Amino acid sequence: MSTLLVDGQNLETVFSHDFAATNELNGWTVIDNNNDGIQWELMDGMKGVVYNGNTTEVAANDWLISPSFAVENGQHYIIEYTVAQRGAFGTDIINVHYGSEVTTSSSTLLIEEKFDHHTGMVTRRCHITAQQSENVQLGFNIVSAASNG
């Protein structure tokens, strides 16, 4: 993933992060939920945060969770993120979650995104309406097949 933007209905940006420009994960949470030693990471020569499933022996179940940002009750938000799928043998699946505290067992699934073999760089968007004023997080859970690199 290279960029993430969250824009409110008045077109104000309430959260943004450009992994390609900052090349850091400060404030982000990375969880290797299947305990296989493979997880979202920064890699030399790659622009953005990467999940390298090339050598996995089990299906991916790994999380990248954003820092918290504020939303207001009843307001609409567009979540926009850019990902690239390169070199995989099959489809990669990223489930995008939302919640006041995103964990591997507690959040709302917004959308399941499938990225076919050699999709390249794509920007995807989804919509949320805040149900209350609160701080929230976004979680990106990759659940691709084993050895999909």
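Modeller: Two strands are said to pair if DSSP finds at least two bridges between them. By that count, strand β1 (residues 3-8) and strand β8 (residues 76-85) pair in the antiparallel sense, with six bridges. Please keep in mind that the model is predicted.

β1 and β2 make a hairpin with four residues between the two strands. Leu11 sits in that turn and has a positive phi of about 65°.

Strands of a sheet pair through backbone hydrogen bonds, either parallel or antiparallel.

Other strands pair elsewhere in the chain. Strand β6 (residues 62-65) is joined by four bridges to strand β3 (residues 29-32), and the two run antiparallel. Ile31 stands opposite Trp63 in β6. Four bridges also join β6 to strand β12 (residues 134-142), antiparallel as well, and there Asp62 stands opposite Ile142. In a regular strand the side chains alternate between the two faces of the sheet. Both faces of β6 are covered: Asp62 and Leu64 are buried on one side, and Trp63 and Ile65 are buried on the other.

After β12 comes the segment that holds Ser144. Ser144 has a relative accessibility of 3%, so it counts as buried. Apart from its neighbours within four places in sequence, Ser144 is in contact with Ala59, Ala60, Thr91, Asp92 and Ile93. Two of these contacts can be described more closely. The side chains of Ser144 and Asp92 are joined by a polar contact of 2.7 Å, and a polar atom of the Ser144 side chain lies 3.2 Å from the backbone nitrogen of Ile93. Asp92 belongs to strand β9 (residues 92-99). Asp92 counts as buried because its relative accessibility is 13%, and the cut-off is under 20%. Ser144 and Tyr51, 93 residues apart in sequence, are 10 Å apart in space, C-alpha to C-alpha.

The secondary structure comes to one helix and twelve strands, and along the sequence the pattern is β-β-α-β-β-β-β-β-β-β-β-β-β. The radius of gyration is 15 Å, close to the 15 Å that the globule rule gives for 149 residues, so the chain is as compact as a globular protein of that length. The C-alpha trace spans about 45 × 30 × 25 Å along its principal axes. Of the 149 residues, 38% count as buried. The chain exposes about 7600 Å², of which carbon and sulfur atoms supply 44%. Among contacts between residues at least 6 apart in sequence, 73% join residues at least 24 apart.

Methods: Residues numbered from 1 in each chain as written. Predicted model: local features only at pLDDT ≥ 70, side-chain atom pairs only at ≥ 80, totals over all residues. Heavy atoms only, no water. Buried < 20%, exposed > 50% of the residue type's maximum accessible area, 1.4 Å probe, protein only. Polar contact = N/O pair within 3.5 Å; in protein donor to acceptor, adjacent residues only side chain to side chain. Rg over C-alpha atoms; globule rule 2.2 N^0.38 Å. Contact = heavy atoms within 4.5 Å. Areas by Shrake-Rupley, 256 points an atom, 1.4 Å probe, with all protein chains shown as cover.
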